[in-house]
Amino acid sequence: MLGNGEIIGKFQTSWDELLDRGDEPFELSFPPVHDVHPSLTLKAAVVHACDNQNGTLFDSLIDCEIARETDAGHVRLARYMRRKRVSYLNKAVERFQLVLDRCPVGHPGHAAALTNLAYARLRGYILNDLQDINSTTSLFRDALTLRPQGHPDHALSLCQLIIALHWHHSREPTAVYIRESAQLCSKLLPLCPEGTYLRSTGVDRGIDFVVHSLSVDSSDEGIHFQRVVLELCPLGHQNRPSALKILSQSLSTRFLRRGSIDDIDESIQLGREAISLLSEGHLQRGDYLNELAVSLDYRFDHQGKSHDLNESISLCEEALLLYRPVGHESRDISLNNLGGALFTRFTKYGNIDDIKRAISLRREALALRPLGHPRRGTTLSNLAISLNAKYGKLHVSEDFNEAIDLHREALRLQGHGHPNFHITLFNLSSALRSRFTQTLENEDVEEAIRLCQESLEALPSLHPDRWFSYRWLKEAYLVRYRAQYNSADLSLAVENFRLASRHPTQGFPHRISTTLRWVDAAEIHQHDSALEAYQICLELFDNHVMTRSSIISRREAATAFHGAQSLPVDAASCAIRHDNPKHAVELAEQGRGQQWSLASRLRTPLEDLESTNPILANKLSELRKCLSDAQGSAGSIDRAAADRAAIEYRKLTEQWDAVVAEIHNCQGFSRFLLPPSYTDLQAAARQGPVIILVASKYLCSAIIVPTSGDPYHVPLPSIVLADLENLKDRFARAIPQACKMGPTESRADLIVHLRAVWDDIMLPIVDVLEHALELKHGSRIWLCPTATFTSIPLHAAHPFRTKADRSGKEPCLEDLYICSYTPTLSALIRSRQLMKTRATPSFVAVGQGQPGGGKGKALLAVDSELELVRKLVPAIANHTSISGEAATRAGALKALEQNTWVHLACHGKQDHDQPYNSHFVMRDESLTLLDIMEEDIPHAEFAFLSACHTAVGDKETPDEVIHLAAGLQFSGFKSVVGTLWEVDDAVAKHIVEAFYENIFKSLEDGGIMDYTKAAWALNRATHAVKTKVPLEQRMVFIHIGV
């Protein structure tokens, strides 16, 4: 067999020594090569010549000659390698070529001859003594073809071709050689166990070449190839961090082109893993930190999760510290990236210190990128947008003038082929628009419009950055309309609002902010697209919030947009102003109680669907369980774990949406889980009218949803939003003052405020109830307050006047009707749907008057209240009590789960910062609103919450109606009595006593425990205790539900 490798050592012996070893094989060892200890196993034998039968002897002689020539070639190649004289190389190549000529195709030594010649030529090429690499590579390829998988030299040929491709790439740096090398490494890797010679000289070197030859390639083919390369670098491989980084960068770049959240999520995951594999002192650690920071900044821009932005800034700061020396080659990148992250935070929160520092950092970065630097144009543009943003805050004209100059210079440097050219176009447009608002120079706004149009022409239809072009184009049209009042400009602005809000590859936060701006513009200019803008905005909000995997993160998403809190009521008021009260009801319902609406989707009854399409019903049921299990897990402190949980949840929601879309194709299910129509919502008024009170900056009014027919719009001409805010503040002062008064002291301020509620709010509504609806006195009504109305005790509206004929006192609202509240119409409908079956009644009273751990003062009347309840509850109720040491968080939860009626007497605490942490104080841990929401108790019927602040909503998002009473209703309790403020437990017992006496009165005549009478019983109770209980303590209790 012909030799075909490099010289790794010499061995010298005599024939006698060789023959003395007999027929037994023996092993020769050589010095280590590339950390591998090579060895050779030999066996000596004597071959006797024979007659030249069939040319055998002749062939043997030829083979001997070929072997001698091959050995001579290797000797000369070895001399060349030692002495670097070209004459030795030429002689080696001549000998190997001679051998190849004598080993034609089909000869058993042909592959080895090809390899020897190729190897000698490659050595010469590496040492710059030969220039032809093409034919050398071809020789190795031919040899590999003759040594297919299974051939003993297959691995060697793979290895040698990889090395040749490496050197081929050094002359012709094209991706084809890298990709072929990676494919060969994939084939070679399983053939070379760890520690073998070919593993270190072939596979590892080949992978090293492939990884370090990679560049960012965001094409589908490029990313697929990078995944193949990553598979070559398993955990523990020295090149894995580099392979992870390049794939992460490519995915991030593809995200910028396509807007796929999957790409940026994976980019971040890969970036995190890469950093985890680096030592603290790794020389390139800063580069890895910067790459991850940029990806996090992109994701924040797309999804609006604040922790992404915070982490991005932290990573940028860390990277800049690593590149602190002013002359460090990567310092400009860190300066620019940190400046970008601070710019993003400024645009979100408006802290002027952020934009000032961003400008300073970007000026320093620009100084490190002089004329001729490939990134100078991008840095000029980045500095310009920072200056323009600062102008938007401080209105210093020098800022936008400098911004315009910088953008123009960037355009000159970048040219039409630059990947960021379109970005500079629309950013210059933005700066020119800003200047137009000050100078009203028409050429500025005309150029701004032209630049945006040019940027749109440069981008594919689904490129995410088209959103920015639409954004600045509609702003340019809008400012020109405001200056020149040409209606065509307003129409063009609205059309670009529409395109931006519906651009599918841009993230929800940008699209929502656009639509909010559209709403404002349409309202200000009284454009007929306002209702469309409201509708789109509510849909976007719903989709955005639905992607969040925890209740708390959903609230964060809902509160992240300035001015969005009033969106539901403003939308309803817009519909009212367009004489469409039905649509007003739909919009108010769609925008309010969004958290409850999203959560209730996972508890939607599927019985009707099961009878129509059991397969889809089963799919949805399985997904519902998976989504329920996945909720909340994204709150982990470990950001990598939180990301994985969020990604899992998002993929589940995508599957959920796909199944729901299939269900919509089933007959009778076209509106399954879609926002309810007016016809659907009217079911809430089955037992009595529902009154929606709309508190908008555009108007304050009421809509009465009757049992049948069209809704009634009730104008409230005597009150505007500012009056309501003032009334709310006056109640907020008057009630605590009244709570401190003695029982006989006059509540003059409170009376004045309640009279205002009657005169300005409830009296016009009562007039419609009495005369238009002809609603009998004593009937039930449901109040559904919105926005500021949620902070006003509407049920306690009272004229506090004598009748004109002096025949007695004028009746108050609760004299006329039995009042209940409902957070939303859907909540009331859902409670009624759960009434289909009734369980055996059971009543539990939970009291905790001695909370542990300093969680509040002792409630001395709790035990006596529990005893009072015990006496009033009939035997049929299977009464039990839990108090003292047994009244723990777990004990209270168990009581809620196992009983149909619950009475809670304890401290209730409202958490203003995080309303989902509002809680009942137990002996050990608190029973939170989140705990309650996680319960699903369809058999539950009634809860009496004798605790403070159990029905008070969140001040920041009042229309979400986030409070303990609403949580109990969501968990399954159809009827709940809650409290609006602090309860005086010393007098609350009078209300409790009167309430239970009234609700259980029918049992004396053989009736059943009927929770639907709770509102009536509370109404009777407050009337019965007028002489015992002060006004503010009679008002504090309200009824919610059926």
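Guide: Let's start with a word we'll need: buried means under 20% relative accessible area, exposed means over 50%, and partly exposed is in between (1.4 Å probe, protein chains only). This is a predicted model, where local features need pLDDT of at least 70 and side-chain atom pairs count only at pLDDT 80 or more, while totals for chains, interfaces and linings use all residues. Residues are numbered from 1 along each chain as its sequence is written, and side-chain values use heavy atoms, with hydrogens and water left out.

Visitor: What about Arg-285, buried or exposed?

Guide: Arg-285 counts as buried, at 7% relative accessibility. Arg-285 sits in helix H12 (residues 285–303). Leaving aside neighbours within four places in sequence, its contacts are Ile-275, Leu-278, Ser-279, Glu-280, Glu-318 and Leu-322.

Visitor: Switching to cores. How many residues are in the largest nonpolar core?

Guide: The largest one has 294 residues. A nonpolar core is a set of buried Ala, Val, Leu, Ile, Met, Phe, Trp, Tyr and Cys residues joined through side-chain atoms within 4.5 Å. Ile-761, Met-762, Leu-794, Phe-920, Phe-995 and Tyr-996 have the most contacts inside that core.

Visitor: Which helix gives the most to this core?

Guide: Helix H33 (residues 748–772), with 11 residues. There's another core lying apart from that one, with 23 residues, including Leu-616 and Cys-666.

Visitor: You mentioned Phe-920. What does Phe-920 touch?

Guide: Among its contacts are Leu-904, Cys-906, His-907, Leu-927 and Leu-968, again not counting residues up to four places away in sequence. In strand S12, Phe-920 stands opposite Gly-908.

Visitor: So which sheet is that?

Guide: An open sheet of 3 strands in the order S11-S12-S13, with antiparallel pairing. Strand S11 (908–909) and strand S13 (927–928) stand at the edges with a single partner strand each, so one side of each has no neighbour in the sheet. Two strands pair if DSSP finds at least two bridges between them, and S11 and S12 (residues 919–920) have 2 bridges.

Visitor: What holds strands together in general?

Guide: Strands of a sheet pair through backbone hydrogen bonds, either parallel or antiparallel.

Visitor: How many bridges join S15 to S16?

Guide: There are 5, and strands S15 (residues 975–979) and S16 run antiparallel. Val-976 stands opposite Ile-1040 in S16. Strand S16 (residues 1037–1041) is mostly covered, with 5 of its 5 residues buried.

Visitor: How many disulfides are there?

Guide: The count comes to 0, where a disulfide is a pair of cysteine sulfur atoms within 2.5 Å. Take Cys-906: the nearest cysteine sulfur, in Cys-948, is 9.0 Å away. Cys-948 has its closest cysteine sulfur in Cys-739, at 8.9 Å, so that's too far for a bond. Cys-906 is buried at 3% relative accessibility, and Cys-948 is buried at 11%.

Visitor: How do H6 and H8 pack?

Guide: Helix H6 (residues 154–171) and helix H8 (residues 197–213) pack at an angle of about 35 degrees, with their axes 10 Å apart. Axes are lines fitted to C-alpha atoms, for helices over the stretch in contact, and angles run from 0 to 180 degrees between N-to-C directions. Among the residues that meet are Leu-156 and Ile-163 in H6, and Leu-198 and Phe-209 in H8.

Key: Helices (H or I, at least four residues) and strands (E, at least two) are DSSP runs, numbered from the N terminus. Contact means heavy atoms within 4.5 Å.
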